[in-house]
Amino acid sequence: MSEALSTGVLPPWVQRQRSTLLAQRGHAWLLQGPSGLGQYGLALELVRAWLCDAPTEQGACCQCGSCHAIEVHAHADLCLLMPEAMMIEQGWPLSEKAQSDIDDKKRKASKEIRVEAMREAVEFSQRTSARGRGKAVLVYPAERMNHITANALLKTLEEPPGDVKFVLATGAAHQLLPTIRSRCMGHNMVWPDAAESTAWLAAEGVAPADAHVLLAAAGSRPEDALQWARAGRTAQSWSAVPRAVVQGALNVFADWGPAQVVDALQKLCHDLQLVRVGATPRFYAAADLPTAPSLAALTQWAKDLNATARVVEHPFNAGLLLESLVGRAQNALNSRL
Ligand SMILES: [Zn+2]
């Protein structure tokens, strides 16, 4: 699942991390942790503060020409490296060449960070700062760099031109080249507690009844919970999943992508394993769960789901895949193993 990039209220836990990081020196940060904790928001806050004409310990002033330029996504000293599809979604401009290729239908917007964009970023970092306050390169999600792209960045990270700072943000640091990780100062994203997360979700317009359930469903990652809420998921639709799976009612997943279905089933399997050993389920309410089959059956199902998860992004017939996933779920849940 791609990450929700909230542009509304900056979460308080991100504000606190901004102050902590700004108090330290470092020309290249790597913000890491599972998705949904605010990596992109924090990265953008660092960039704002670095380029701001009148920054404070709390970050950018939000009023100067630099802050305004970032707000309207047109800052000459900021280079953003994101997959093109995500840039379009977030309203960031592509390079002229990339935009015309996509407009002319020569190719689709890329879901990876392209090596051409990285080469432009390397040139960018060698140019003089337009506003005289240095330059910044923001890479997100950093795991969407392939090896060629990452190696192109590596050289610049090793010998950074004087006035450029980097911030890489990732939800999957283990997928990055070790040499990239070792060139950056690492920062582990802080997990907000449930009260702070639900208060923030409420401020973003999520109904309180949905906020608690969706936050648990998202494994306590608030931005993921927000994205689900915005996609129309409710407490009710999530709670209905276990029963629907038992009954083979496929329509509960009508507007879900295959990866999301696998994720929901993995969470169901995980929770049943917890229940089986006497622990409290994490993602679903205990009352919504069916009777757990044996641990042997659950272990087998978990393996099966993990194998599917590794290939689920490949173009399958989504309808057949869904039928097969739910069929296998029913087998596991009815198992007499
Ligand atoms: Zn400013």
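**First stop: an open pocket**

Begin by selecting Leu 80, Pro 93, Leu 94, Ser 95 and Glu 120, which lie nearest the centre of the second largest pocket, among the 27 residues that line it. Please bear in mind throughout that this is a predicted model. The volume of this pocket is about 660 Å³. To see where the lining comes from, colour β2 (78–81), α4 (84–90), α5 (96–103) and α6 (115–126), the elements that each give two or more residues to it. Of these, α6 makes the greatest contribution, with six residues.

**Second stop: a salt-bridge network**

Next, select Glu 84, Lys 97, Asp 101, Lys 106 and Arg 107, which are joined in a network of salt bridges. Within it, zoom to Asp 101 and Arg 107: their closest N and O atoms are 3.8 Å apart, and the two form a salt bridge. Is Asp 101 buried or exposed? Its relative accessibility is 8%, so Asp 101 counts as buried.

Now move to Lys 105, in the loop between α5 and α6. Its phi is near 60°, a positive value in a residue other than glycine. With a relative accessible area of 74%, Lys 105 is exposed.

Select the zinc ion together with Cys 52, Cys 61, Cys 64 and Cys 67. The SG atoms of these four residues are its protein donors, lying 2.3 Å from the ion. Which geometry does the site of the zinc ion have? The site is tetrahedral, with angles of 101 to 119° among the four donor atoms. In the sequence panel, the donors can be traced by the spacing C-x8-C-x2-C-x2-C.

Cys 61 counts as partly exposed, at 23% relative accessibility, whereas Cys 64 counts as buried, at 11%.

Then select Cys 62, which belongs to the loop between α2 (39–51) and α3 (65–71). Cys 62 has a positive phi, near 70°, although it is a residue other than glycine. At 59% relative accessibility, Cys 62 counts as exposed.

The peptide bond from Tyr 140 to Pro 141 is cis, with omega near -15°. Pro 141 is placed in the loop between β3 (135–139) and α7. For context, most peptide bonds are trans.

The next selection is Ala 142, Met 145, Asn 146, His 147, Ala 150, Gln 175, Leu 176 and Leu 177, the lining of the largest cavity. How many cavities of 30 Å³ or more does the structure hold? There is one. About 40 Å³ of space lies in the largest cavity. By class, its lining has five nonpolar residues, three polar residues and no charged ones.

Select Arg 183 and Glu 158, whose side chains meet in a salt bridge at 3.8 Å from N to O. Arg 183 lies in helix α8 (residues 178–183) and Glu 158 in helix α7 (residues 147–158), so the pair ties together parts that are 25 residues apart in sequence. Arg 183 is partly exposed, at 40% relative accessibility, and Glu 158 is partly exposed as well, with a relative accessible area of 38%.

Finally, select Asp 304 and Arg 328, a salt bridge with its closest N and O atoms 2.9 Å apart. This pair links distant parts of the chain, 24 residues apart: Asp 304 is in helix α15 (residues 295–311) and Arg 328 in helix α16 (residues 318–333). Asp 304 counts as partly exposed, at 23% relative accessibility. Arg 328 is partly exposed, with a relative accessible area of 27%.

Notes:
Residues are numbered from 1 along each chain as its sequence is written. This is a predicted model: local features need pLDDT of at least 70, side-chain atom pairs count only at pLDDT 80 or more; totals for chains, interfaces and linings use all residues. Side-chain values use heavy atoms; hydrogens and water are left out. A salt bridge is a side-chain nitrogen of Lys or Arg within 4 Å of a carboxyl oxygen of Asp or Glu. Buried means under 20% relative accessible area, exposed over 50%, partly exposed in between (1.4 Å probe, protein chains only). Helices (H or I, at least four residues) and strands (E, at least two) are DSSP runs, numbered from the N terminus. Donors are N, O and S atoms within 2.8 Å of the metal (3.2 Å for Na, K and Ca); water is not among the atoms, so sites may look incomplete. Four donors count as tetrahedral if all angles lie between 85 and 135 degrees; four count as square planar and six as octahedral if opposite donors are over 155 degrees apart and all others between 65 and 115; anything else is irregular. On a 1 Å grid over the protein atoms alone, a cavity is a set of points where a 1.4 Å probe fits but cannot get out, and a pocket is an open set with protein on both sides within 12 Å along at least five of seven lines; lining residues have an atom within 4 Å of a point. Grid points are joined across faces, edges and corners, and a volume is the space filled by probe spheres set on the points. Ala, Val, Leu, Ile, Met, Phe, Trp, Tyr, Cys and Pro count as nonpolar, Asp, Glu, Lys and Arg as charged, and the others, Gly among them, as polar.
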